[in-house]
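I opened the model today to look up a helix pair and the ligand site. My entries follow.

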Amino acid sequence: MSEYNHREIERKWRDYWENNQTYRTENIAGKPKYYILDMFPYPSGAGLHVGHPLGYIASDIVTRYKRLKGFNVLHPMGFDSFGLPAEQYAIQTGVHPAINTEQNITRYIEQLKNIGFSYDWSREVRTSDPKFYKWTQWIFMELFRSWYNRKTDRAEPVETLLAHFEQHGTEGLEAVCDEEAPAFTAGEWKAMSEREQYEITLKYRLTYLADAVVNWCPALGTVLANDEVKDGVSERGGYPVEQKLMRQWMMRITAYADRLLRGLEEVDWSESLKEQQRNWIGKSTGAEVTFPLAQDLEGGAGNPGIKVFTTRLDTIYGVTFMVLAPEHELVPSLTTPEQKAAVDSYVSAARMRSERDRMADAKTVSGVFTGSYCLNPFNGQPVPIWLADYVLAGYGTGAVMAVPSGDQRDWTFARHFNLPIIPILDAQQDIDQGADPTKEGRYVNSGIIDGLTFSEALPVLIRFLEEKGLGKAKINYRMRDAVFSRQRYWGEPVPVYFRDGLPYLIDEADLPLELPGVDKYLPTETGEPPLGRAEGWKYKGQYEYELSTMPGWAGSSWYWYRYMDPHNEREFADKTAIDYWRNVDLYIGGSEHATGHLLYSRFWNKFLKDRGYVPEEEPFKKLVNQGMIQGRSNFVYRVKDSVGEGKTPVFVSAGLRNQYEVTALHVDVNIVENDVLDIEAFRQARPDLAEGAEFILEDGKYVCGTEIEKMSKSKFNVVNPDTIVDRYGADTLRLYEMFLGPLTDAKPWNTNGIDGVYRFLKKFWRLFYDEGTDIRAGKWLVTDGDPTPAELKSLHKVIKKVAEDIENLSFNTSVSAFMVCVNELTALKCNKKAILQDLVVVLAPFAPHITEELWAALGNEPGTLSKTAFPAFNPAYLVEAAVEYPVQINGKVRTTLSFPLDTAASDIEKEVLANETVQKWLEGKPPKKVIVVPKKIVNVVV
Ligand code: ANZ
């Protein structure tokens with residue numbers, strides 16, 4: 001083999017690795033572990049484009065590097081294979097989604113293997129495989145069998161709850177539970193029937209049924225999570241989403257709100273990612289205050305008062321009206337007959353708007369007066385009660401004490417409806433200018449806090465509040481419990497059946513509860529989810545199963561544990577395997593999972609930890625989001641008046657397009673090279689556009705225009721990695737993707753530079769093999785000679801650089817370092833084994849095929865490259881061995897002389913004066929003065 005033949009080499013080593021299971025990973029006691037995880041893909045029908053492997057290449061480089069550094073590395077891959085697109089496809093075609101999913105996975109694996117990733121494929125998992133989802137169902141069951149004890153601050157088995165009820169009833173219980181969970185004594189508990197007791201426990205379990213306002217998407221026939229809805233439409237498909245009250249399985253993630261916040265302190269994630277999580281959790285510290293109604297309600301309903309949550313109790317004397325969410329339960333009883341018509345129409349209009357719209361819309365002011373009043377508990381002043389849809393029913397108490405002098409929205413509302421505004425700070429500025437009364441000024445018009453500053457006022461207010469029994473200090477979270485039901489087919493069945501209207505878990509021995517066959521993947525005529533179509537599908541032949549399935553995030557909330565022990569049939573993973581691998585050291589994936597996936601999986605992880613199944617509180621120690629690779633679209637320009645009956649279409653090259661009136665049309669980037677169009681290929685691919693067309697060229701070429709856009713089929717800018725691998729090889733693809741720029745940056749795909757990377761590999765190859773000769777005839781260039789200092793310096797520069805770069809995940813700079821090194825060694829005509837063998841190892845993580853080939857050619861056992869050690873960096877080789885001294889004569893440099901580093905100044909002086917050039921300037925006379933500045937310069941004055 002004389003020429004670098006990427007096809008032959010790569011095929012050979014891919015087969016070798018596969019046949020020899022080179023990357024199979026075992027749990028090796030005594031060897032340090034390192035777990036590197038890629039966010040596993042949903043196997044879509046379109047296959048991978050060049051943007052997808054970016055993160056996988058980075059993680060594979062780190063994996064290969066860590067192996068060389070002596071770690072036992074777990075680097076698995078699998079598939080998040082339940083999901084909507086497969087089901088939509090099944091609805092259209094009638095083919096079971098499992099079949100389509102299987103085909104897509106086969107294609108994905110082929111593409112991934114093509115790129116030379118060192119995954120341990122024996123550990124592959126698929127969330128839609130019953131052997132996998134058996135354990136997703138089991139975790140659901142464990143959640144159902146658990147409650148959250150605030151005292152121990154962890155989840156516990158329901159048995160400890162029952163024991164508490166037995167002994168103390170609800171006395172002294174601090175649990176996370178439904179709002180309406182009743183209080184009772186131990187005696188009352190014991191007097192309850194078994195069914196009554198069971199019903200009570202349902203209010204405490206970490207997964208529970210509740211009527212919840214959900215994002216209902218009629219076109220998809222399912223409920224969507226908040227992060228699956230973007231701008232009021234479904235993220236997938238862009239269908240309208242409505243608010244609907246439905247009975248749903250919920251997950252009590254709110255029990256973990258504070259731990260989810262605290263855990264962010266201990267992980268190495270980007271600040272922006274942590275901030276997104278904090279915002280989602282939305283912790284706010286404030287107070288709950290009850291405003292009594294000015295009049296008792298009619299019909300003996302008494303005076304429940306209106307409870308508000310405020311983060312600004314200090315503004316209570318500035319309250320001039322009260323605003324309730326339109327859905328607030330007191331609305332019907334507070335509405336006076338005169339206001340009824342207006343209130344009714346306002347309430348029904350508000351119901352049409354999603355929560356997001358209501359929050360996002362700060363411009364339009366709307367609201368309606370109920371006709372009733374409540375009283376400010378601090379000063380007894382009457383406060384009119386309004387409704388407005390900027391107040392959300394599901395947050396806090398669904399009611400706001402409005403302070404126009406403190407809050408922008410309240411101010412806007414007050415101005416719009418002509419309500420009073422009471423200034424409460426002496427330094428009060430117009431709210432419009434962003435006054436922050438917490439920072440400046442003393443309170444005025446403020447009763448018991450008149451004259452105090454913000455920090456002085458708060459304790460006074462809280463004491464007053466709690467002593468008078470008007471309310472209490474309170475912490476609120478924006479995060480809600482997560483809706484867990486989907487009215488879809490292609491997901492995990494929920495392992496629950498119903499008896500006399502109550503939900504029960506099926507026996508663990510009956511797991512997995514497999515998806516039954518159905519005639520169609522659509523809801524039933526009566527609106528039940530598709531599982532309602534499964535004939536004779538009953539638990540123990542008689543009980544109704546739960547008909548909804550789990551959401552997309554169920555399987556991905558624990559999958560990293562399954563890789564640790566993927567074939568275990570007794571447990572989700574063996575305890576010793578979990579104790580060995582513990583958690584993920586480096587997690588790489590897309591930023592679109594910043595909130596959903598990363599909150600749900602942290603939640604399940606904490607739950608599994610509480611129940612003693614896993615050792616670590618946080619599942620992902622370090623997390624990196626790779627940047628998006630954008631498409632680089634190409635355009636052709638069609639002259640406008642060349643289209644129409646009987647006309648010849650005319651396309652004009654980009655440089656000339658300004659001379660015509662043109663329409664820009666996307667052209668497939670795969671028939672464009674370095675922005676030059678392959679006209680023949682264009683004619684063939686798009687006869688609809690180019691049949692018989694005329695092309696106006698510049699310099700004999702048709703040059704295309706370009707633009708950076710999202711990579712998508714509709715923009716004809718999708719580049720398939722297979723094409724690149726075939727043409728240039730996987731090693732070039734890997735190096736090139738890294739060369740494009742910093743891993744975390746968004747960057748356009750631009751094939752124009754790929755030749756340079758390919759040439760680099762060929763040049764590297766030529767350090768080993770003579771060009772145009774045949775290795776089998778013995779033209780192998782590598783020699784056994786001792787390396788020179790310059791060669792060692794070049795090698796050790798790259799060893800140092802690449803090791804540092806990989807540790808910092810800065811891969812693009814490594815690629816340049818390789819190029820510099822190969823150029824230097826080429827210039828030095830270095831073919832020495834002592835240098836090249838180490839260089840092969842350093843390059844191996846980036847370009848595993850070519851290096852494995854050369855590693856074997858150097859006489860090493862084939863296929864062992866990943867078992868060797870990363871070369872040790874020796875700083876001594878980077879130290880300059882000699883110093884170049886410029887020699888100045890009367891201030892002008894006349895020559896330069898080289899001296900070994902530690903030469904004494906007196907010796908330097910002697911040699912300088914003996915130098916021919918210097919002698920010429922001295923003209924035989926002794927110099928007036930000689931100054932030697934060590935390691936810098938020599939000055940001679942004559
Ligand atoms: C009086 C007040 C005066 C407020 C002031 C703010 C500024 P966060 O930090 O998001 O928790 N609020 C309470 N419940 C609400 C709901 N269901 N929908 C919309 N707004 C609601 O904000 C809490 C603050 O948001 C509360 O403090 C309340 O207004 C409002 F100068 O009370 B504040």
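At what angle do helix α4 and helix α22 pack, and how far apart are their axes? I found an angle of about 35 degrees, with the axes 10 Å apart. Axes here are lines fitted to C-alpha atoms over the stretch in contact, and angles run from 0 to 180 degrees between N-to-C directions. Helix α4 covers residues 97-114, and helix α22 covers residues 721-728. Helices are DSSP runs (H or I, at least four residues) and strands are too (E, at least two), numbered from the N terminus.

This is a predicted model: local features need pLDDT of at least 70, side-chain atom pairs count only at pLDDT 80 or more, and totals for chains, interfaces and linings use all residues. Residues are numbered from 1 along each chain as its sequence is written, and side-chain values use heavy atoms, with hydrogens and water left out.

I then listed the contact (heavy atoms within 4.5 Å). From α4 come R107, Q111 and N114; from α22 come P721, D722 and V725. By class, I noted two nonpolar, two polar and two charged residues in this contact.

Next I turned to the ligand. The shell has 18 residues, each with a heavy atom within 4 Å of the ligand. S284, T310, L392, Y395 and R478 come nearest. I looked up polar contacts (pairs of N or O atoms within 3.5 Å). A polar side-chain atom of S284 sits 2.5 Å from a ligand oxygen atom. For a polar side-chain atom of T310, the distance to a ligand oxygen atom is 2.7 Å. L392 uses a backbone N or O atom, 2.8 Å from a ligand nitrogen atom.

Strands β12 (306-310) and β16 (399-402) each supply at least two shell residues.

Key: Polar contact = N/O pair within 3.5 Å; in protein donor to acceptor, adjacent residues only side chain to side chain. Nonpolar A, V, L, I, M, F, W, Y, C, P; charged D, E, K, R; others polar.
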